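Subject: Structure handover

Hello,

Here is the structure I said I would pass on. My notes follow below it.

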Amino acid sequence: MQGVIYARYSSHNQTEQSIEGQLRECSRFAADNNIGIVNHYIDRAKTGTNDNRAEFQKMLRDSDKKQFDTVIVWKIDRFGRNREEIAINKVKLRKNNVRVMYAQENIPDSPEGIIVESCLEGFAEYYSKVLSQNIMRGMQTAALKGHYTGAGVALGYGIAEDKSFYVKDADAVIVKNIFDMYDSGKTQAEIIRELKKSGYKTQKGCDFNSSAITRIIKNRKYIGEYRWHDIFIEDGMPQIIDKEIFERCQGRMERNKSGPQKKYRENSENFMLTGKLYCGLCGDGMCGDSGTGKKGYTYYYYTCSGKKHLKGCKKKSVPKDFLEKSVIATTISIVLQDNVIDYIAKRAVELQKKERADKSELNYHKNQLQETKTAINNIMKAMEQGIITSTTKDRLLELEAAKRELETNIAMDEMARPLIGYDHIVYFLESFKNGDIEDKVYCQKIIDVFVNAIYLYEDKITITYNYSGDNNKITKKLIEETSDSAGLCSDSGVPSPPSKAIKCKNFMAFCVKQL
């Protein structure tokens, strides 16, 4: 396998050392799993609450090139802390046959692993929201005093030790000149030329442009107004510009403003079943498609890839909304039953206990530590006997660093991740019962967590759900070779659902809709 490593740290109590630790653990994970690393993507001081991260987006784009099979991250919260965006970005990667693996989460590639992973994603989002609330509370306290809250500082102002604002005289002169020139009738282009001639720079040390001039002229901080969210303090800032000049400049800017520019943003349609929907006639995957009617309306479909690429398949395209709602509604009615939820939760708890019982990695680190300590003792004995060279010193420093790293790894191994209890998993699964079927995020989560594969025939839909077994890869041949009968697999302990089912050891499948 070929893989890439994605690492990220936010600005909250994390440094470059955090990146080094993530890369080290991810590289070790890759080596243990025979994954060759072809690239690294690193975002520094970037929040995980959204995916607006340059290297993260580059990684998603590069997945189109089919040069790697997996993305390795240290833990789930490094990939993101927003369940909606996590789901969408995983779908993007899955379309390119790229999976996400976690170096420190030990989530197996099994149906129970999907449940555990979903719970951890929820906890990551919960932690992010709690952290955000605490930060916002501190910022609100500062704002009520008219103090700095962490946002950018306008040109002309500085921050004192107590976080209050003061006027930086040298920069305030630039601001006053800009207002005076604009008030006198000069254009923004003329102002920019004058500022450049005088050698003036922006707060970031760049040349002024039209956007910078506009921001300064419209900034009400310069007349003493302090604003932060819904907090407004009329004289909360040291005043730099006279209010009469400021209002005259606002009037001129309003008069010079051109007509409103309409910005259009194409809202790409999300095909939720991509990667899990297959043609019942030829077995090829079905992909999202669209067409425009005579009246200009856009219609969305799922079309067989075999038909689209002229392989001779005769499968008709199926309306997107109809198919997605059929799959989601059926999944809710069949899977989200109390007895099925009870079974899934028990299996997920068993899986975690099994993973925790595995002490192989901890024992490996302890053996390595003992060998390192022995090597250090040998060098110390040699030094006591007068054998001291530059090589000896370098080797000792190297071993000491290795010893510290191994001790850290052992501490991390012994601090086992707390078990997600039966009640927590049941609560998580039951939360799906009350979702809004019109909510796209909710529907995507239903599909990601529960649905394994969907086979679409001319007269029916067959849905297979994630279920444990030695070989739970669902194929068209496996479905068609299995005779229809009522009931689920014999070893599940789950009673038969009120639906026609296909009986098989490794999966459950339902003929849910006659088309």
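Helices here are DSSP runs of H or I with at least four residues, numbered from the N terminus. The model is predicted.

Helix H6

By that numbering, H6 covers residues 169-183. Its 15 residues should span 21 Å at 1.5 Å a residue, and the end C-alpha atoms are 21 Å apart, so the two values agree.

The buried residues of H6 are Asp171, Ala172, Ile174, Val175, Ile178, Phe179, Met181 and Tyr182. Among the elements that cover them are strand S6 (165-167) and the helices H7 (188-198), H8 (210-218) and H9 (243-256).

Nonpolar cores

The largest nonpolar core contains 41 residues. Leu273, Leu277, Leu323, Ile425, Phe432, Phe450 and Ile454 have the most contacts inside it. Elements that each supply at least two of its residues include strand S11 (298-304), helix H11 (320-335), helix H12 (338-357) and helix H16 (440-450). A second, separate core has 32 residues, including Leu195, Ile213, Ile223 and Ile231.

Leaving aside residues up to four places away in sequence, Leu273 touches Tyr302, Leu323, Glu324, Val327, Ile447 and Ile454.

Sheet

Tyr302 also has a bridge partner in S12, namely Val318. S11 and S12 run antiparallel and are joined by two bridges. They belong to an open sheet of three strands in the order S10-S11-S12, paired antiparallel. Strands S10 (286-292) and S12 (318-319) are the edges, each pairing on one side only.

Regards

Conventions: Residues numbered from 1 in each chain as written. Predicted model: local features only at pLDDT ≥ 70, side-chain atom pairs only at ≥ 80, totals over all residues. Heavy atoms only, no water. Core = buried A, V, L, I, M, F, W, Y, C linked by side-chain atoms within 4.5 Å. Buried < 20%, exposed > 50% of the residue type's maximum accessible area, 1.4 Å probe, protein only. Contact = heavy atoms within 4.5 Å. Pairing = 2+ DSSP bridges. Expected span 1.5 Å × (residues − 1).
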